[in-house]
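Welcome! Here is a short tour of the charged side-chain pairs in this protein. Take a look at the structure first, and then we can walk through the pairs together.

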Amino acid sequence: MPTIELNGTTYAVDDDGFLEDPAIWNDRVAADLALTERIETLTDDQWKVVRYLRTYYLEFGIAPMIRKLCKETGFKLAQIYEMFPSGPAKGACKVAGLPKPTGCV
């Protein structure tokens, strides 16, 4: 199982860098994982996306579809890509501690 070390903490991740155990996620883990997406400090808007993804995942066990993410957060898809250049599935879901989405988020 691959691991990454961020800010002195070692995380078990899959081959794409997603947490193996989403239950260990917290704000510090999110900030650490953001570094893997070249995000030094999460903005309030980025936190809004991350918290929405996390809440949705905890309620439904999957990541929301992109359309729902945009509607519920009020951000256009282009804005989400500005916040998370690798996209909502790879970047935002990774920072939110979700497993790698299997379909379209």
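A residue is called buried when its relative accessible area is under 20%, exposed when that value is over 50%, and partly exposed in between. Glu37 has a relative accessibility of 9%, so Glu37 counts as buried. Please keep in mind that this is a predicted model.

- Glu37 pairs with Lys90 in a salt bridge, with 3.9 Å between their closest N and O atoms.
- This pair links distant parts of the chain, 53 residues apart: Lys90 sits in helix 5, and Glu37 in the loop between helix 1 and helix 2 (44-60).
- Lys90 is partly exposed, at a relative accessible area of 40%, whereas Glu37 is buried.
- Salt bridges with shared partners bring Glu37, Lys90 and Lys94 together in one network.

- Asp16 and Lys100 form a salt bridge through their side chains, at 2.7 Å from N to O.
- Asp16 lies in the loop between strand 2 (9-12) and helix 1 (27-35), while Lys100 belongs to the segment after helix 5 (87-95), 84 residues apart.
- Asp16 is partly exposed at 35%, and Lys100 is partly exposed at 41%.

- In helix 3 (residues 66-73), Lys68 and Glu72 are 4 residues apart, about one turn of the helix.
- Their closest N and O atoms are 3.7 Å apart, in a salt bridge.
- Lys68 has a relative accessible area of 34% and is partly exposed; Glu72, at 42%, is partly exposed too.

Methods:
Residues numbered from 1 in each chain as written. Predicted model: local features only at pLDDT ≥ 70, side-chain atom pairs only at ≥ 80, totals over all residues. Heavy atoms only, no water. Salt bridge = Lys/Arg side-chain N within 4 Å of Asp/Glu carboxyl O. Helix = DSSP H or I, 4+ residues; strand = E, 2+ residues; numbered from the N terminus. Buried < 20%, exposed > 50% of the residue type's maximum accessible area, 1.4 Å probe, protein only.
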